[in-house]
Amino acid sequence: MRITTGVLLVALVLAASGCKGSSNKAGDDKGQPTATENATATATVQPGVPAPVAMPSPTPDATVPADFPKIVPIYPGARVVAATKGTGPKGKDAWTVGLVSKDDKNIAFTFFRANMSAFKQTTDSTVGTARTGTWQNAQYDVTVTVGDSPDKHTAIAMSVAAK
């Protein structure tokens, strides 16, 4: 279940952000970052859409990084299944957080639309059963994708990049 959810989160983030290709700068022979390497990603994306950050593998004790921007809300009651901090496309801090919730995906996405008041929403799109929104302010670019996970839960993938 955890691996499937993690794979879904990666697919949602990449598909919704318009990624045309990506490569790990640091990783093992399977293209996955090792535990001791800093995971970064490069990607070609649509203008104005933040590039995704490499999504970590699901871990049993995953937590939101302590320095994750407090201005970006985390969905209440969701379980953190993956989280990482790395370097974004502009060489600044970037975070990716994968969450799973038992709430309906529409309720989860509505939460983000209502609680991102410090940001201007720049996109709102639906691809298949996933819905993605991007928000920006002077400090951060935020992408949130919400969709169904194979285990009948709601998967939430968040990517935050400092400007």
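For this tour, buried means under 20% relative accessible area, exposed means over 50%, and partly exposed is in between. The model is predicted.

**Stop 1: the whole chain**

Colour by secondary structure. The chain has two helices and eight strands. Read from the N terminus, the order is α-β-β-β-β-α-β-β-β-β. Of its 163 residues, 45% count as buried. The accessible area is about 8200 Å², and carbon and sulfur atoms hold 53% of that. Contacts at a separation of 6 or more are worth a look too: 51% of them involve residues 24 or more positions apart.

**Stop 2: R113 and D124**

Select R113 and D124. The two form a salt bridge, with the closest N and O atoms 3.7 Å apart. R113 sits in helix α2 (residues 105–115) and D124 in strand β5 (residues 120–127), so the pair ties together parts that are 11 residues apart in sequence. Is R113 buried or exposed, or does it fall in between? R113 has a relative accessible area of 46%, so it counts as partly exposed. D124 is also partly exposed, because its relative accessible area is 34%.

**Stop 3**

Move to β3 (79–87) and β4 (residues 93–101). These strands pair in the antiparallel sense over eight bridges. Find T87: the residue opposite, in β4, is D93.

**Stop 4: K85 and D93**

K85 is partly exposed at 34% relative accessible area. D93 is partly exposed as well, at 37%.

**Stop 5: D141 and its partners**

Select D141, in strand β7 (residues 140–148). Which side chain makes a polar contact with that of D141? Q136 does, at 3.2 Å. How does burial compare across the pair? K163 counts as partly exposed at 34% relative accessibility. D141 counts as buried, because its relative accessibility is 10% and the cut-off is under 20%.

Salt bridges that share partners join D67, K85 and D93 into one network. How many salt bridges are there in total? The count comes to six.

**Stop 6: F68**

Finish on F68. Where is F68 found? Look in the loop between β2 (41–43) and β3 (79–87). F68 is buried, because its relative accessible area is 4% and buried means under 20%. Show what surrounds F68. Leaving aside residues up to four places away in sequence, F68 touches I74, W95, V97, M158 and V160.

Methods
Residues numbered from 1 in each chain as written. Predicted model: local features only at pLDDT ≥ 70, side-chain atom pairs only at ≥ 80, totals over all residues. Heavy atoms only, no water. Helix = DSSP H or I, 4+ residues; strand = E, 2+ residues; numbered from the N terminus. Buried < 20%, exposed > 50% of the residue type's maximum accessible area, 1.4 Å probe, protein only. Contact = heavy atoms within 4.5 Å. Pairing = 2+ DSSP bridges. Polar contact = N/O pair within 3.5 Å; in protein donor to acceptor, adjacent residues only side chain to side chain. Areas by Shrake-Rupley, 256 points an atom, 1.4 Å probe, with all protein chains shown as cover. Salt bridge = Lys/Arg side-chain N within 4 Å of Asp/Glu carboxyl O.
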